[in-house]
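Subject: Structure handover

Hello,

Please find the structure below, with the sequence alongside. My notes on it follow.

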Amino acid sequence: MTTVQPRHETLEALAETGFAILRPFAGRIDPSEWEGLTYLDWQSGGDTNFAVLASATGEDDPRGFWEHGKPDKAGVWTKNVEVAPALRNWVTSVGAPYGRVRVIKLQPSTDLASVTGRYLHQDDNNRLNPEGAGWVVRSWLNLTDNPDSYMVLREERDDPSTEHHIPLPAGAQFVVDTERLWHAVYHVGDAPRYAMITSFESGPALKAWMDANAAS
Ligand SMILES: [Fe+2]
């Protein structure tokens with residue numbers, strides 16, 4: 001039998017399911033840190049706007065880092081971060097190399113069928129990421145309290161038997177291999193849901209942070 005060597009360094013914690021739910025964030029972040037950001041019209045996974053906290057160049061640019069010839073690493077803080085010091089601190093305290101950092105503002109979903117039928121997608125996190133480097137995955141910090149909303153994850157887009165759900169109360173922290181898993185959020189309620197999404201490079205630092213924040 002031939003063993004295929006992975007082309008990038010990956011995390012054992014994500015090997016089986018492609019995601020890991022961590023302990024909730026224990027700190028408090030003032031809502032002004034996400035409500036005071038400048039949001040751009042950028043559609044992904046529903047009726048969404050994004051505020052860019054770190055981009056490829058430091059400009060307020062929501063596009064992929066590959067547009068600038070970079071893998072999704074070495075993010076540069078944008079002007080937005082001036083009103084979001086605790087969000088910035090959350091990212092840097094992880095200690096792992098980070099790329100794109102954004103806050104998503106997601107309007108309530110119309111219905112679950114449109115989420116699973118239209119919005120499930122995979123991300124393109126590892127374009128231009130050189131072989132041998134750490135596989136880029138994404139972390140979430142849910143900012144608003146949305147305990148009845150959840151992220152839908154599927155290994156196979158059209159196979160509900162491969163589905164998992166991640167609930168989204170305030171402070172929910174989780175890491176997803178979003179290039180592997182199809183994903184979208186089903187958001188109920190009548191107000192937008194806000195969450196910070198950070199691209200991190202797999203490696204010893206991300207592993208240590210995930211171990212330290214493992215759900216008990
Ligand atoms: Fe995505």
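Which residue of β11 does Arg102 stand opposite? The residue is Ile197. Please keep in mind throughout that this is a predicted model.

Strand β5 and its partners

Strand β5 is joined to β11 (residues 193–201) by seven bridges, and the two run antiparallel. Strand β5 also runs antiparallel to β3, with six bridges between them. In that pairing, Arg102 of β5 has Val52 opposite.

Ala54

Strand β3 spans residues 48–55 and includes Ala54. Is Ala54 buried or exposed? Ala54 has 21 C-beta neighbours inside 10 Å and therefore counts as buried; the cut-off for that is 20 or more. Ala54 and Arg102 are 48 residues apart along the chain, yet their C-alpha atoms are separated by 6.8 Å. Leaving out residues up to four places away in sequence, Ala54 touches Gly75, Val76, Trp77 and Thr78, as well as Tyr98, Arg100 and Val101.

The sheet β8-β7-β10

Three strands make an open sheet in the order β8-β7-β10, and their pairing is antiparallel. At the edges are β8 (163–168) and β10 (182–186), each of which pairs on one side only. On average, neighbouring strands of this sheet are turned by 25° against each other, direction ignored. Strand β7, residues 146–154, pairs with β10 over five bridges in the antiparallel sense. Within this part of the structure, Val152 stands opposite Ala184 of β10. Helix α3 (residues 112–119) lies across both β7 and β10, and runs at about 155° to β10.

How many of the five residues of β10 are buried? Five of the five are, so β10 is largely enclosed by the rest of the structure. Both faces of β10 are covered. Trp182, Ala184 and Tyr186 are buried on one side, and His183 and Val185 are buried on the other.

Helix α2

Helix α2 is made of residues 85–94, and its buried residues include Leu87, Trp90, Val91 and Val94. Seen down the helix axis, the buried residues of α2 fall within an arc of 90°, so they line one face of the helix. An α-helix has 3.6 residues a turn, so residues three or four places apart point the same way. The face of α2 turned away from the buried side carries Pro85, Ala86, Asn89, Thr92 and Ser93, which are exposed.

The nonpolar core

The largest nonpolar core has 50 residues. Phe19, Leu53, Val103, Phe174, Val175 and Ala195 touch the most other members of that core. What is Phe19 in contact with, leaving aside neighbours within four places in sequence? The contacts of Phe19 are Leu14, Leu153, His164, Ile166, Phe174, Val175, Val176, Asp177 and Leu181.

Two residues with positive phi

Ala74 has a phi near 55°, which is a positive value in a residue other than glycine. Ala74 is placed in the loop between β3 and β4 (76–77). Its count of C-beta neighbours inside 10 Å is 13, so Ala74 is classed as partly exposed.

Leu128 is not a glycine either, and has a positive phi of about 70°. Leu128 is found in the loop between α3 and β6 (136–142). With 13 C-beta neighbours inside 10 Å, Leu128 also counts as partly exposed.

Regards

Terms used: Residues are numbered from 1 along each chain as its sequence is written. This is a predicted model: local features need pLDDT of at least 70, side-chain atom pairs count only at pLDDT 80 or more; totals for chains, interfaces and linings use all residues. Two strands pair if DSSP finds at least two bridges between them. Helices (H or I, at least four residues) and strands (E, at least two) are DSSP runs, numbered from the N terminus. Axes are lines fitted to C-alpha atoms, for helices over the stretch in contact, and angles run from 0 to 180 degrees between N-to-C directions. Two residues are in contact if their C-beta atoms, placed from the backbone, lie within 7 Å. A residue is buried if 20 or more other C-beta atoms lie within 10 Å of its own, exposed if 12 or fewer, and partly exposed in between; C-beta atoms are placed from the backbone. A nonpolar core is a set of buried Ala, Val, Leu, Ile, Met, Phe, Trp, Tyr and Cys residues joined through C-beta atoms within 7 Å. The arc is that of the directions from the helix axis to the C-beta atoms.
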